Amino acid sequence: SLLTEEMMDGDNQWFCEALDRKVDGVRFSTFQKIPTILCIHLSRFTFDYASMQRKKVSDIISIPEALDLSFLMSGCSESLDY
């Protein structure tokens, strides 16, 4: 996922120019501004490694009418309801 934190360690270390060497780190993304219109993409298929085939996802989802997206914002402490 785009917004999931990723540990950068081992073979995947981050190269720090200031230290001139690779170091452990955490990579993540946040938003500075939430768009007025939010488009949600739902993945309809997943890959089943046991059968080595694509499977259709038929889970029921529920999306509330109001979403608090403040947890996606960098340095935002107020509630952002959409």
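**Side-chain contacts in a predicted model**

The count of salt bridges comes to one, where a salt bridge is a side-chain nitrogen of Lys or Arg within 4 Å of a carboxyl oxygen of Asp or Glu. This is a predicted model, in which local features need pLDDT of at least 70, side-chain atom pairs count only at pLDDT 80 or more, and totals for chains, interfaces and linings use all residues. Residues are numbered from 1 along each chain as its sequence is written, and side-chain values use heavy atoms, with hydrogens and water left out.

**Salt bridge**

- Glu6 and Arg27 form the salt bridge through their side chains, at 2.6 Å from N to O.
- Glu6 lies in strand β1 (residues 6–8) and Arg27 in strand β4 (residues 25–27), so the pair ties together parts 21 residues apart in sequence. Strands are DSSP runs (E, at least two residues), numbered from the N terminus.
- Glu6 is partly exposed at 28% relative accessibility; Arg27 is partly exposed at 46%. Partly exposed falls between buried (under 20% relative accessible area) and exposed (over 50%), with a 1.4 Å probe and protein chains only.

**Aromatic rings**

- The whole structure holds one aromatic pair.
- Phe47 and Tyr49 have ring centres 5.0 Å apart and planes at 75°, so the pair is edge-to-face. Rings of Phe, Tyr and Trp (its six-membered ring) pair if their centres lie within 6.5 Å; planes under 30 degrees apart count as stacked, over 60 as edge-to-face and the rest as tilted.
- Phe47 is partly exposed, at 35% relative accessible area, and Tyr49 is exposed, at 65%.

**Charge over a ring**

- Arg54 sits over the face of Phe45, 4.5 Å from the ring centre. The cut-offs are NZ of Lys or CZ of Arg within 6 Å of the ring centre and within 35 degrees of the ring normal.

Notes. Helix = DSSP H or I, 4+ residues; strand = E, 2+ residues; numbered from the N terminus.
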